[in-house]
Amino acid sequence: MTNQELEQNILKALEEIRPFLNSDGGDITLISIEDDKHVKVRLEGACTSCSLSISTLKAGVETTIKKYAPQIETVVNVA
């Protein structure tokens, strides 16, 4: 998978999860992809102060990204 294909797949994953985040007043932005296996995102809106944001990141965002790009090893939120 090329870098461009990887980015497109990750963006597709974020589009899939975005409606759930939006319904709670939040959003997500892709910040970077490092070494083709580490993704940095920024949770925004209500997600920045939500006590469940870690669970959302791991159970929702990371799982969805790995469905589209199985080579991804980590997904982290950057403030």
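Tutor: Before we look at anything, one definition: a salt bridge here is a side-chain nitrogen of Lys or Arg within 4 Å of a carboxyl oxygen of Asp or Glu. Please also keep in mind that this is a predicted model.

Student: Okay, so what do the side chains of glutamate 34 and lysine 40 do?

Tutor: The side chains of glutamate 34 and lysine 40 meet in a salt bridge, with 3.2 Å from N to O. Glutamate 34 counts as partly exposed at 33% relative accessibility, and lysine 40 is likewise partly exposed, with a relative accessible area of 29%.

Student: How many salt bridges does the structure hold?

Tutor: The structure holds six of them. One is formed by glutamate 16 with lysine 67, whose closest N and O atoms are 2.8 Å apart. This pair links distant parts of the chain, since glutamate 16 lies in helix H1 and lysine 67 in helix H2, 51 residues apart.

Student: Are those two buried or exposed?

Tutor: Glutamate 16 counts as partly exposed, at 31% relative accessibility, whereas lysine 67, at 54%, counts as exposed.

Student: And where do lysine 58 and glutamate 62 lie?

Tutor: Both lysine 58 and glutamate 62 are in helix H2, four residues apart, which is about one turn of the helix. Their side chains also meet in a salt bridge, at 3.1 Å from N to O. Lysine 58 counts as partly exposed, with 40% relative accessibility, while glutamate 62 counts as buried at 12%. Elsewhere, salt bridges that share partners join Glu15, Arg18 and Asp27 into one network.

Student: Switching topic: how many disulfides does the structure hold?

Tutor: The number of disulfides is zero. Cysteine 47 is in no disulfide, and the nearest cysteine sulfur, which belongs to cysteine 50, is 6.6 Å away.

Student: Which helices supply at least two residues of the lining?

Tutor: Helix H1, covering 3–23, and helix H2, covering 53–68, each supply at least two residues of it. Sorted by class, the lining of the largest pocket has seven nonpolar residues, three polar and one charged.

Student: One last thing: where is the place of aspartate 35?

Tutor: Aspartate 35 sits in the loop between strand S1 (26–34) and strand S2 (38–45). Although it is not a glycine, aspartate 35 has a positive phi of about 55°. At 65% relative accessibility, aspartate 35 counts as exposed.

Student: And what phi does aspartate 36 have?

Tutor: Aspartate 36, also not a glycine, has a positive phi of about 55°. Aspartate 36 is placed in the loop between S1 and S2, and it is partly exposed, with a relative accessible area of 35%.

How values were computed:
Residues numbered from 1 in each chain as written. Predicted model: local features only at pLDDT ≥ 70, side-chain atom pairs only at ≥ 80, totals over all residues. Heavy atoms only, no water. Nonpolar A, V, L, I, M, F, W, Y, C, P; charged D, E, K, R; others polar. Disulfide = S-S within 2.5 Å. Buried < 20%, exposed > 50% of the residue type's maximum accessible area, 1.4 Å probe, protein only.
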